[in-house]
Amino acid sequence: MHQQKRQPELVEGNLPVFVFPTELIFYADDQSTHKQVLTLYNPYEFALKFKVLCTTPNKYVVVDAAGAVKPQCCVDIVIRHRDVRSCHYGVIDKFRLQVSEQSRRKALGRKEVVATLLPSAREQQKEEEEKRIKEHLTESLFFEQSFQPENRTVSSGPSLLTVFLGVVCIAALMLPTLGDVESLVPLYLHLSVNQKLVAAYILGLITMAILRT
């Protein structure tokens with residue numbers, strides 16, 4: 001006789017919750033960012049109930065703050081910032097997504113998502129771009145000094161660091177450019193033209209370094 005397999009008892013709070021993104025950034029000068037979308041995934045073979053909680057509910061409007069997700073499906077949760085004021089700049093708020101089985105009340109898992117309001121997308125991108133350019137210039141000098149032909153020994157091929165940086169540059173070039181409104185990629189992953197030029201320059205240095213090995 002075959003024994004029927006029993007589904008293991010799910011422990012409260014231990015079920016992994018899959019949400020993307022895990023950080024929401026709102027920009028005061030860009031109304032298109034005042035509405036963000038959280039995607040909750042259910043990779044399990046049973047349906048889940050979900051509920052969205054917030055540390056400052058008076059600042060946000062959550063569309064469909066509670067609902068259900070079918071097995072191996074996902075659901076989009078729209079979050080709008082309704083109190084865009086300078087006194088909230090830099091304040092970190094938190095959303096908590098709790099999930100449970102439809103037949104039970106106890107929460108099987110939870111996931112926190114942080115939300116921040118910043119004054120300007122351009123200022124933030126400018127600071128990040130300046131920081132990345134400084135880092136890229138430092139890395140470029142390192143490569144130029146490291147791959148001099150003097151006292152060259154037998155090479156065993158490119159290092160893991162070189163390969164990793166090359167992959168990062170290729171990934172950066174494949175990301176959408178700022179202003180591409182039809183892209184499904186989140187806004188904070190959109191790169192400026194200058195950032196892509198820096199990535200292409202570093203990729204060229206890496207290619208030259210690999211060809212010399």
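Helices here are DSSP runs of H or I with at least four residues, strands are E runs of at least two, and both are numbered from the N terminus.

Before going on, a word on the source. This is a predicted model, where local features need pLDDT of at least 70, side-chain atom pairs count only at pLDDT 80 or more, and totals for chains, interfaces and linings use all residues. Residues are numbered from 1 along each chain as its sequence is written, and side-chain values use heavy atoms, with hydrogens and water left out.

Now helix α2. It runs over residues 160-174. At 1.5 Å a residue, its 15 residues should span 21 Å, and the end C-alpha atoms are 21 Å apart, which agrees. The expected span is 1.5 Å times one less than the number of residues.

Which residues of α2 are buried? Thr162, Leu165, Gly166, Cys169 and Ala172. They cover an arc of only 125° around the axis, so they sit on the same side of α2. That arc is taken from the directions from the helix axis to the C-beta atoms. The face turned away from the buried side carries the exposed residues Leu160, Phe164 and Met174. Buried means under 20% relative accessible area, exposed means over 50%, and partly exposed is in between, with a 1.4 Å probe and protein chains only.

On to α3. Its 20 residues should span 28 Å at 1.5 Å a residue; the end C-alpha atoms are 29 Å apart, which agrees. Its buried residues include Val198, Ala199, Ile202 and Leu205.

Next, charges. Side chains of opposite charge can pair when their charged atoms come close. A salt bridge here is a side-chain nitrogen of Lys or Arg within 4 Å of a carboxyl oxygen of Asp or Glu. How many salt bridges does this rule give? The count is four.

Take Asp93 and Lys59. Their side chains meet in a salt bridge, 2.7 Å from N to O. Asp93 lies in strand β8 (residues 92-101) and Lys59 in the loop between β4 (48-54) and β5 (60-63), so the pair ties together parts that are 34 residues apart in sequence. Both Asp93 and Lys59 are buried.

Then there is Glu112. Its side chain meets that of Lys94 in a salt bridge at 3.9 Å, N to O. Glu112 is in strand β9 (residues 109-118) and Lys94 in strand β8, 18 residues apart. Glu112 also forms a salt bridge with Arg96, the closest N and O atoms being 3.0 Å apart. Arg96 is in strand β8 too, so this pair ties together parts 16 residues apart in sequence. Shared partners join Lys94, Arg96 and Glu112 into one network.

Buried, exposed or partly exposed? Glu112 is partly exposed at 38% relative accessible area, Lys94 is partly exposed at 37%, and Arg96 is partly exposed at 32%.

Phe95 lies in strand β8. At 0% relative accessibility, Phe95 counts as buried. Phe95 and Glu112 are 17 residues apart in sequence and 5.5 Å apart in space, C-alpha to C-alpha.

Last, the backbone. A cis peptide bond joins Phe20 and Pro21, with omega about -5°. Pro21 is in the loop between β1 (18-20) and β2 (23-27).

Asp64 is not a glycine, yet has a positive phi of about 55°. Asp64 sits in the loop between β5 and β6 (66-69) and is exposed, at 53% relative accessible area. Gln72 is not a glycine either, and has a positive phi of about 55°. Gln72 sits in the loop between β6 and β7 (73-81) and is exposed, at 59%.
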